[in-house]
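The sequence and structure are shown first.

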Amino acid sequence: MLESNPFKEKIFNLDDRLIRFAGECIFFTRKLEKSYENEYYKNQLIRSSGSSALNFGESQGTVTDKDLIFKLALVVKELKESRNSLKILNYINEGCQDFRTLLLIEVEELIAIASKIIINKK
């Protein structure tokens, strides 16, 4: 059972939410058992969740809407990769089930938010 919900505090700044998501993915992966499979998906999850936060940070410095949409599309792509890694870990029942569920809910919300920003910029 998960002691506390790291996503309980509502954060309305997308940059901060992406950073929290990447950090919580790291905390989640630190508790996975050592195996070839877990190491693979752990590394994928750390890279993709971190990349989504970093790409969003880069999007804040874009000059044109076209550049912003491109960077945000990368954010969505990396979030979807994170989601798939989490789904695979969920399928093989690795890591804390409650924590996985919270991460999967958060990643779905982040994908929806970033996708909506793209739609609004088009």
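## Contacts of Leu86

Leu86 touches Phe21, Phe28, Leu45, Leu103 and Leu104, residues up to four places away in sequence not being counted; contact means heavy atoms within 4.5 Å. The model is predicted: local features need pLDDT of at least 70 and side-chain atom pairs count only at pLDDT 80 or more, whereas totals for chains, interfaces and linings use all residues. Residues are numbered from 1 along each chain as its sequence is written, and side-chain values use heavy atoms, with hydrogens and water left out.

## Nonpolar core

Leu86 is also among the residues with the most contacts inside the largest nonpolar core, which has 27 residues. Such a core is a set of buried Ala, Val, Leu, Ile, Met, Phe, Trp, Tyr and Cys residues joined through side-chain atoms within 4.5 Å. Buried denotes under 20% relative accessible area, exposed over 50%, and partly exposed in between (1.4 Å probe, protein chains only).

Two or more residues each come from α1 (14-30), α2 (36-59), α3 (65-91) and α4 (97-121). The most come from α4, with nine residues. Helices (H or I, at least four residues) and strands (E, at least two) are DSSP runs, numbered from the N terminus.

The 25 residues of α4 should span 36 Å at 1.5 Å a residue, and its end C-alpha atoms are 36 Å apart, which agrees; the expected span is 1.5 Å times one less than the number of residues. The cover over its buried residues includes α1 and α3.

Glu106 lies in α4 and is buried, with a relative accessible area of 4%. Glu106 touches Phe7, Arg17, Arg20 and Phe21, again without residues up to four places away in sequence.
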